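Colleague: I would like to learn how to read the packing in a model like this one. Please take me through it feature by feature.

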Amino acid sequence: MRRLWIVPMVFVALLVPVAVLAAGGGGFDGVVRSIESRYHVRATRIPFMGILSAISRKATNDGVWGVHVAEFDDFSAPVDGEELNRMVEQKLGAGWERIIRETSRKGDEQTLIFMRPEGERMGLFVVDLDGQEMDVVEVSVDPDHLNENIGQYEHHHHESVRNGDVSD
């Protein structure tokens with residue numbers, strides 16, 4: 001009978017870390033929730049994203065997978081670039097490094113691109129605000145595989161020079 005009190009205690013002890021981790025919410029979902037909370041907007045998530053991610057993985061022979069997408073339409077709140085950058089960095093957590101931060105003079109166009117090593121793969125995280133629309137995308141890519149196949153998508157220029165002008 002004395003040991004029965006241990007079961008509820010262990011149960012509560014196990015729930016506390018789970019609740020703390022769920023409340024902290026980092027990564028893709030943490031960034032999306034933070035944007036929703038801070039700017040009072042709702043994200044539209046792409047339905048069946050897991051299936052689409054599996055299709056992209058198959059179509060690219062494991063070159064791209066782990067795709068997550070959230071879109072914010074009618075995004076009218078003013079966005080401070082420093083604040084957005086800080087919020088995303090904080091929610092993404094350790095291991096992510098910002099490689100691009102671009103902000104228009106008016107601040108209505110902003111792009112943040114982060115990356116992190118994932119073994120032989122590379123994680124990419126993009127936040128792009130373009131006027132009234134913000135997109136958040138996370139994807140895992142195999143850079144070597146993509147580099148091998150990128151040639152089929154390159155545009156080849158045929159240059160000719162006439163009177164000092166270069167034309168395509």
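Colleague: Which residues have the most contacts inside the largest nonpolar core?

Modeller: First, this is a predicted model, in which local features need pLDDT of at least 70 and side-chain atom pairs count only at pLDDT 80 or more, while totals for chains, interfaces and linings use all residues. Residues are numbered from 1 along each chain as its sequence is written, and side-chain values use heavy atoms, with hydrogens and water left out. A nonpolar core is a set of buried Ala, Val, Leu, Ile, Met, Phe, Trp, Tyr and Cys residues joined through side-chain atoms within 4.5 Å; buried means under 20% relative accessible area with a 1.4 Å probe, protein chains only. Here the largest core has 23 residues, and Ile35, Phe72, Phe75, Leu84, Val88, Phe125 and Val136 have the most contacts inside it.

Colleague: Which elements give two or more residues to this core?

Modeller: Helices (H or I, at least four residues) and strands (E, at least two) are DSSP runs, numbered from the N terminus. The contributors are helix 2 (27–39), helix 4 (81–92), strand 2 (64–72), strand 4 (109–118), strand 5 (121–130) and strand 6 (133–141). Helix 2 gives the most, with five residues. Another core, of five residues, lies apart from it and includes Val64, Val67, Val139 and Val141.

Colleague: What do the buried residues of helix 2 pack against?

Modeller: Contact means heavy atoms within 4.5 Å. The buried residues of helix 2 pack against strand 1 (44–45), strand 2, helix 4, strand 5 and strand 6. Among them is Ile35, which, leaving aside neighbours within four places in sequence, touches His40, Val41, Phe72, Phe75, Met87, Met134 and Val136. After helix 2 comes His40, with a positive phi near 55°.

Colleague: How many aromatic pairs does a search of the whole structure find?

Modeller: Rings of Phe, Tyr and Trp (its six-membered ring) pair if their centres lie within 6.5 Å; planes under 30 degrees apart count as stacked, over 60 as edge-to-face and the rest as tilted. The search finds four pairs. Phe28 and Phe125 have ring centres 6.2 Å apart and planes at 65°, so they are edge-to-face. Since Phe28 lies in helix 2 and Phe125 in strand 5, the pair ties together parts 97 residues apart in sequence. For Phe72 and Phe75 the centres are 6.3 Å apart and the planes at 75°, so that pair is edge-to-face.

Colleague: Which residues form one aromatic cluster?

Modeller: Phe28, Trp96 and Phe125 do.

Technical notes:
Buried means under 20% relative accessible area, exposed over 50%, partly exposed in between (1.4 Å probe, protein chains only).
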